[in-house]
Amino acid sequence: MFQSKQNHGTSLSQFLISYGSLDVVVSVFANFSFFSTLFQIPLRIPLLLFYFVSVWGLYLLDHLWDAKRELDPKRERSQVYLGHQTKIQWGIGISLLLSVSLGIFWELDFLFDNLTYFLSFAISLLLVVKGLSPIPKELLVSFFYTWGILLPFPRENGLREITFLFFLHAFSNVLFTYNLDRDLDKRQNALVFSRFFSYDAMQFFLRLFLLVGFFFLCLTTYSRATPLLFGLALGLSYLWLFLTTFLVRNTTTLKSLAELSYLPMFLPQIFFFFSGLP
């Protein structure tokens, strides 16, 4: 009985963290914490909630869409989503309602100021869904992820190096997770880099990107182009993701670990919080 309860608890936590995409929400929070502390710009609660529910709903919708399109034999995640389809649809509907409400009543100026981003994202998403996008999904996802995270912060921030290094980490993260889903993308004829390279070759390239990024991060931190504490936090994220690529291949676990590689980016805010205590 104890083992049954333990397994139920494990499966529930796995569902909430990975299948429920809460790991993605945590990573977005970590990224906002990092850049908010870096630029010394506090973020509004409604804006954070708008991002969290929008990202959560988008990932739920993407996973449910994948589950419906996937051919047999279906992956465990697809089986879970189809088995809880009504609950997932309720979650997507609630997140959409909350996102629209927050956007209209609290963040309308933010939406209009960044209309170019939202229109570009919508057009790119439509092209991907229709199979008409000429750009590999990994590049699109990492580009819009980075751009979206940086929307609330100054355009001319003078920190192009750390912005590029953040993008490189995001790109490596996406390469890794898409490489784990290579069989699904191949069956769906999706335009991804893993269509052109073997699993091991993709692992080699993403590790190379991480090593190159980590090397340049060390250089920019040494030259003080990147503040030391922020260089340390981003460096730990690089190291986390790099070590994750050597673990035994398990799609669900590795994808969550990859998403949670952003956790060290909470470090600057944690440091300044405790350093300000009497």
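Predicted model: local features only at pLDDT ≥ 70, side-chain atom pairs only at ≥ 80, totals over all residues.
Biologist: Why is Ser 172 called buried?

Modeller: Buried means under 20% relative accessible area, exposed over 50%, and partly exposed in between, with a 1.4 Å probe and protein chains only. Ser 172 has 0% relative accessibility, and therefore counts as buried. This serine sits in helix H9, which covers residues 160-180.

Biologist: Which residues does Ser 172 touch, leaving aside those up to four places away in sequence?

Modeller: Ser 172 touches Leu 206, Phe 209, Leu 210 and Leu 241, where contact means heavy atoms within 4.5 Å.

Biologist: What makes Leu 210 buried or exposed?

Modeller: Leu 210 is at 2% relative accessibility, so it counts as buried. Besides Ser 172, and again not counting residues up to four places away in sequence, Leu 210 touches Tyr 238, Leu 241 and Phe 242.

Biologist: Why are H2 and H8 called oblique to each other?

Modeller: Two packed helices are described by the angle between their axes and the distance between the axes. Helix H2 (residues 22-39) and helix H8 (residues 137-150) pack at an angle of about 50°, with their axes 10 Å apart. Angles under 35 degrees count as roughly parallel, over 145 as roughly antiparallel, 65 to 115 as roughly perpendicular and the rest as oblique, and H2 and H8 are therefore oblique. Their contact is made by Ser 27, Val 28, Asn 31, Phe 32 and Phe 35 of H2, together with Tyr 145, Ile 149 and Leu 150 of H8.

Biologist: What angle do the axes of H3 and H4 make where they cross?

Modeller: The axes of H3 and helix H4 (residues 76-83) cross at roughly 100° and come within 9 Å. That angle makes H3 roughly perpendicular to H4. On the H3 side the contact includes Leu 60, His 63 and Leu 64, and on the H4 side it includes Tyr 81 and Leu 82.

Biologist: How do you know that Gln 40 is exposed?

Modeller: Gln 40 has a relative accessible area of 69%, so it is exposed. This glutamine lies in the loop between H2 and helix H3 (45-69), and its phi is near 55°, a positive value in a residue other than glycine. Most residues other than glycine have a negative phi.

Biologist: Why is Arg 224 called exposed?

Modeller: The relative accessible area of Arg 224 is 76%, and therefore Arg 224 is exposed. Arg 224 is placed in the loop between H11 and helix H12 (228-244), and it has a positive phi of about 70° although it is not a glycine.

Terms used
Residues numbered from 1 in each chain as written. Heavy atoms only, no water. Helix = DSSP H or I, 4+ residues; strand = E, 2+ residues; numbered from the N terminus. Axes fitted to C-alpha atoms, helices over the stretch in contact; angles between N-to-C directions.
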